[in-house]
Amino acid sequence: MTAKMTAKKRKLISPALRAAMLWPHTWAGVTLGGLLMLIFFMGSLAVFASEIDRWMMPATRVGAVEVGPVSLDPISLDHAVVPVVEKLAAGRAVRDWFVQLPDERRPVMALRVRTESGNAGGVATADGTLLPPVGTLGAGSFFYPLHYSLLLKAGFVGYWIVCFASVAMLAGLISGVIIHARIFKDFFTFRSWGQLRRSLLDLHNLTGVLVLPFHLMITVTGIVIVLPIVLPAGVQALYGGDLLRFYDDALGNYSRPRSGIAAPLAPLDPMVAEARRLWGGGEAAVVFVYNAGDAASVVRVNRDTGDHISLDVQPVFFDGVTGALLKYQAPGPIVATHRVLSGLHFAAFDHWPLRWLYFLFGLAGCVLIGTGMLYWMEKRRVAHGVTPGLGWRSVAALACGSTTGLLIATLAMMAANRLLPAGIPSRELVEVGVFFLTWICCAIHAAIRTRTDQTPNPPWSGQCAAVALLAAACVVLNWITTGEHPGRAVAAGDWAVLGVDLVLALTAAAAWRVSRRLVRRPDPELSTLVKVTDHA
Amino acid sequence: MKTAGQTGSPGGGKAEPSRLHMAARVAAAVFGAYGFAWGLAAFGAELGALAGMAPAEAVTASSLLALVVLPVAALWAFAVPRVTVGWAVLGGGGVLLIAVSQFAGMAGP
């Protein structure tokens, strides 16, 4: 049976098919590799967005350090949250508001209020004390949206670009498997000695094969989350293109317009209690109040998804004036499947070993993409001889800018986060400015140095040294500005800050080693490069 | 993997294919495959609705199916020996599926 299967497989994956797959695999990687690197890197950071947020918003570390576990005792919305909403509104009439309740990883609550004249947001402790503005978008509102939308929200342009790159990633993974038919041998193949180019190919194949199931899963489920937006064919056919109506129907959402008649809000705590009864356990994660102060107000209670894979937040809708249940509808089996697939991507479930695996496998995706680009560069260098063409230089600069450049920009933003004074206007935008400016400078640096060097190669060692110095600086700056050095973090049980500091320190050490080794490495001799042949 | 089995000798070979030829393939892989997936999702949604599925269920099921087909269809545009065949199947198939789903939509409710 197996012999027959292999024979059939051999026939399916003919040498001609493998040859035909090489072109799209190569060029999808070369053209979209930089973008995919950004998506994979920021996605990996997003796994620990809450922890990075604690690091970047020292004022919000209070809960973990001083109050202890807060999520055990559900906080009172009526006593702790509603007064904060009124404080944020500052006398203006509130239209809608929502609160993300504290949880194990975020010991503070985050509020967003829409009033008749402008929006307001804030962070408050579990007992309802409004904290000073955090002054940063942090990982949750910058790194994470960069991962899925490139911060291009208008017309879902960002979703379209990211999903296009993701489909290319899928095609790259599938074509990679076809090109590279001897998958199982490569579990045991990594030749770190000798030729750089062969090592790169081995590392590319090794990460590609070992982490293939994760990469397939994470790429597919990433598109699945926004599938009705990027492939709205079905919504067009059955809902006349009305996305909102589809989501209302699929996810059991409920909405109604304002009535214009003023009415007070009913107590929220009994609604949360009723929602928990309907769920049969679990915790409330987010509470929305739509049409606040209106006779048609609606209260929505979302469930925390930490105790299951599915991203189904099981929303329960109440009449805001009477407190009566309006809607609680379980999704159908296929929508429920969609929610589980989405949940697999989000990894919002409470499981620390899996979070680390998601983080490391995501970074393995960066290795896969990066080694692919490096391999192309090394191979092309041979084809081009001593003076590579403009295309080669562009890819070299792109590869450098999207790997070390991206790291430098991220670390520069984190350093700026610790260095900028608290009071400066639009502090969060200054941080974002630092990120993009540093990134652009790194790309320009890479482009210039690649062009003028004797043996063309991007300035890897210089940028690696910059990564090392910035990462080390971040640890020191966190110590100086917050007084929380690793020793104190251990004593206080502040694992979030300790973890970020440790990863920063590891990054610094690794980048420094790489930088020193690259300086010592003799430039590759073209004569020996030309001699080597390999199969892809 | 039925598509892969159909590839006898893909175009190109040793000779470098022209830029126009590769552009046609890339366009087929990007727009042809997306059009085909669109047709599949629209047709599947209508079919599901006619078969009595809840609309949201039918939309989700057909979209998920189309998403699986999309990258395979895109790669097939590079594997098919003649790019015109690729365009005919992906583009033509997409248009046909959309037309049928439009018709089903008019006949259905």
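Is Asn291(A) buried or exposed, and how many C-beta neighbours does Asn291(A) have inside 10 Å? Asn291(A) counts as buried because it has 22 C-beta neighbours inside 10 Å, where a residue is called buried if 20 or more other C-beta atoms lie within 10 Å of its own, exposed if 12 or fewer, and partly exposed in between, with the C-beta atoms placed from the backbone.

## The model and its confidence

This is a predicted model, in which local features need pLDDT of at least 70 and side-chain atom pairs count only at pLDDT 80 or more, while totals for chains, interfaces and linings use all residues. Residues are numbered from 1 along each chain as its sequence is written, and chains are lettered from A and ligands numbered from 1 in the order in which they are written.

The pLDDT is the predictor's confidence in each residue, from 0 to 100; for chain A its mean is 88, and 89% of the residues of chain A reach 70 or more. Over residues 64-72 of chain A the pLDDT is below 50, and this stretch has 16 contacts in the model beyond near neighbours in sequence, a contact being two residues whose C-beta atoms, placed from the backbone, lie within 7 Å. Residues 525-536 of chain A also have a pLDDT below 50, with 14 contacts beyond near neighbours in sequence.

## The two chains

Chain A holds 22 helices and seven strands, whereas chain B has four helices and zero strands, its elements running α-α-α-α from the N terminus on. Helices (H or I, at least four residues) and strands (E, at least two) are DSSP runs, numbered from the N terminus.

Of the 536 residues of chain A, 44% count as buried, and of the 109 residues of chain B, 47% do. Among the contacts in chain A with a separation of 6 or more, 71% are made by residues 24 or more positions apart; in chain B, 78% of the contacts between residues at least 6 apart in sequence join residues at least 24 apart.

## Where the chains touch

The contact between the chains takes 34 residues from chain A and 36 residues from chain B. On the side of chain A that touches chain B, the elements giving two or more residues include α2 (15-47), α7 (157-179) and α14 (333-346) of chain A. The residues of this side divide into 27 nonpolar, six polar and one charged, where Ala, Val, Leu, Ile, Met, Phe, Trp, Tyr, Cys and Pro count as nonpolar, Asp, Glu, Lys and Arg as charged, and the others, Gly among them, as polar.

## The sheet of chain A

Seven strands of chain A form an open sheet in the order β3-β2-β1-β4-β5-β6-β7, with antiparallel pairing, and two strands are said to pair if DSSP finds at least two bridges between them. The edge strands, each pairing on one side only, are β3 (118-125) and β7 (325-327) of chain A. Neighbouring strands are turned by 20° against each other on average, direction ignored; axes are lines fitted to C-alpha atoms, for helices over the stretch in contact, and angles run from 0 to 180 degrees between N-to-C directions.

Six bridges pair β1(A) with β2(A) in the antiparallel sense, and eight bridges join β2(A) to β3(A), which run antiparallel and are joined by a hairpin through two residues. Arg112(A) stands opposite Gly121(A) in β3(A). Strands β4 (residues 284-290) and β5 (residues 298-303) of chain A pair antiparallel over six bridges, with Ala284(A) opposite Arg303(A) in β5(A).

## Helices and loops around the sheet

Helix α5 (residues 77-89) of chain A lies across β1 (94-100), β2 (108-115), β3 and β4 of chain A, at about 45° to β2(A). Helix α13 (residues 269-279) of chain A lies across β4, β5, β6 (316-319) and β7 of chain A, at about 45° to β5(A).

Ala90(A) is placed in the loop between α5 and β1 of chain A, and its phi is near 50°, a positive value in a residue other than glycine. Ala90(A) is exposed, because 9 other C-beta atoms lie within 10 Å. Asn291(A), in the loop between β4 and β5 of chain A, also has a positive phi of about 50° although it is not a glycine.

## A helix checked by its span

The 26 residues of helix α21 (residues 495-520) of chain A should span 38 Å at 1.5 Å a residue, and the end C-alpha atoms are 37 Å apart, which agrees; the expected span is 1.5 Å times one less than the number of residues. Among the buried residues of α21(A) are Val497(A), Asp501(A), Leu504(A) and Ala508(A).
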